[in-house]
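Subject: Structure handover

Hello,

Here is the structure for you to work with. My notes come after it.

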Amino acid sequence: GPGNSVPELLERVTRPRWVDTTASTTALEQLRPLEDGRTVRLGLTGGPGSGLTSCLGQLLQAADERLRDRERLVIVMRGEARRPEAGGAPYEPFRQALAKYFEVDLLGSPQTSLRQIDDALGGIFDTFIPFGSILFPHTSSEGEATSRETMFASITWMLERLTRTQTVLLAIDDAQWCDDASMALLTPLLEAFPKGGRTPIAMLVASHDVDILEEAGLNLDREIIEVPYPDATEQTALLVEGVGLSPATAAEIVERVGTASRSTRGLTWLFRIVADLARDEAFVETDEGYAWPGGVWPEGLDLPDEMSAILRDILRDHPEHRAVLTAAACAAEGRSFDVETLARVLDTSRLKLLPELDAIEDETGLLHDVRASDDVYTFESAFLLELLRRELGVTLSGPAGDDTPQIVREYHARIAQTMEATLEEFPGRIFPVARHYHAAGARHAAKGLDYG
């Protein structure tokens, strides 16, 4: 039955397999000098929900496999910075990366763990002691704290020793959350391993804030790659290959939800929506993958709560755009509306309206300019438009409705009047004219009947 595969689908959507994108392919090519024993420094940046962490993980895996195919010994060290409110220790990302590699039990005795490291590196305990301050930052009193210079020298020495016989991939994720101590260590470490040097090490840093990468010393033009939000085709591929949906179902979800953007929290939103639909047993398992029962979008399917919450946040953060968004939601046919009609409805000039529409696109991602068509903008998805209408009280309930704000009725009346004046040129607008007059309330209902 439809519910039998829910746990498996939820597991897949929680940890989707990453699909190669232009950015990940470009990044992997940047690591090719490692095969010749050369140093690589690389920064990855992208908006929240762009798949930055997944891209970094896929990059590490692909580089590891490619080097091993060439019979290289590879060490992968990966750590991530934590948000300040999560309470990460100083040097947290380095602590994670090295603790995982050395298989150190951070809850055990610091002395025992440092001996484990000593054994792994071949008897250098006395030299390596300064590094204990990273792995066990709370075990030293303030008076015994090792200087950052000594710490840096110790870690640099360790990495150089490891690269004598192995290729090292050192990755720091979510660097935008790095504490001061970690940043003070990251910058000189990158300087110690310049691009193209003869040490087989890759220093990889991922950050949603590109300024952090530049602050650490990475060159914006030559050493930083942007991981953009996947387009509709890439999102569909992620749902098909990474989650297991059927191609038709995946394409319809992307069409309805809209292309990932910063305002919609990117892929985070997309995957949460699929997870919510899975919990509601909206899919059945077919030979082509998880699909809608009968191959059509289920009637009466509720929109996930995450979408409403995100939209409320956008409207709260951008009250200055509320009037334009409300009028556009009233005017939209399908998902699109024309600028001329909207300008007349809002009694403003096109030269004032166009910059505001561009600002709404840049700041919220709720709509975009259809550059292939004159004078047309469109909302990002049918879901978004439906939710926006709910949040703003945009209805077509007519004279009998008691849930429509007066400003919405006024917008509908103005839209009808604007369209009415163009009926000779655009006779196909007769039914929208009737619909908007009806939605404008009792004062305009009779005119709606004239055209209905």
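The notes below cover the sheet, the nonpolar cores and the aromatic contacts.

Please keep in mind that this is a predicted model.

Sheet

Five strands make up an open sheet with parallel pairing, in the order β2-β3-β4-β1-β5. From one strand to the next the twist averages 15°. Strand β1 (residues 40-45) runs parallel to β5 and is joined to β5 by three bridges. Within this pairing, Leu44 stands opposite Ile225 of β5. Helix α3 (residues 52-69) packs on the sheet and touches β1, β2, β3 (167-173) and β4 (201-207). The direction of helix α3 makes about 170° with that of β2.

Nonpolar cores

In soluble globular proteins, nonpolar side chains tend to be buried together. Here the largest nonpolar core has 93 residues. The residues with the most contacts inside this core are Leu44, Leu239, Leu245, Ile253 and Phe283. Helix α13 (residues 266-279) gives the largest share of the core, nine residues. Once neighbours within four places in sequence are left aside, Leu239 is in contact with Gly244, Leu245, Ala250, Ile253, Val254, Leu270, Phe271 and Val274. There is also a second, separate core of 32 residues, which includes Ala81, Leu159, Cys178 and Ala181.

Aromatic contacts

With ring centres required to lie within 6.5 Å, the count comes to three aromatic pairs. In one of them, Phe337 and Tyr377, the ring centres are 6.2 Å apart and the planes are at 15°, so the pair is stacked. Phe337 lies in strand β8 (residues 336-338) and Tyr377 in strand β10 (residues 376-379), so this pair ties together parts that are 40 residues apart in sequence. Both residues are buried: Phe337 has a relative accessible area of 4%, and Tyr377 has one of 3%.

Phe337 also pairs with Phe379, with centres 5.7 Å apart and planes at 50°, so that pair is tilted. Phe379 lies in strand β10 and Phe337 in β8, so the parts tied together here are 42 residues apart in sequence. Phe379 is buried, as is Phe337. Phe337, Tyr377 and Phe379 form one aromatic cluster.

One contact between a charge and a ring is also on my list. The charged end of Arg429 sits over the ring of Phe426, at 4.6 Å from the ring centre.

Regards

Definitions and conventions. Residues are numbered from 1 along each chain as its sequence is written. This is a predicted model: local features need pLDDT of at least 70, side-chain atom pairs count only at pLDDT 80 or more; totals for chains, interfaces and linings use all residues. Side-chain values use heavy atoms; hydrogens and water are left out. Rings of Phe, Tyr and Trp (its six-membered ring) pair if their centres lie within 6.5 Å; planes under 30 degrees apart count as stacked, over 60 as edge-to-face and the rest as tilted. Helices (H or I, at least four residues) and strands (E, at least two) are DSSP runs, numbered from the N terminus. Buried means under 20% relative accessible area, exposed over 50%, partly exposed in between (1.4 Å probe, protein chains only). A charge sits over a ring if NZ of Lys or CZ of Arg is within 6 Å of the ring centre and within 35 degrees of the ring normal. A nonpolar core is a set of buried Ala, Val, Leu, Ile, Met, Phe, Trp, Tyr and Cys residues joined through side-chain atoms within 4.5 Å. Contact means heavy atoms within 4.5 Å. Two strands pair if DSSP finds at least two bridges between them. Axes are lines fitted to C-alpha atoms, for helices over the stretch in contact, and angles run from 0 to 180 degrees between N-to-C directions.
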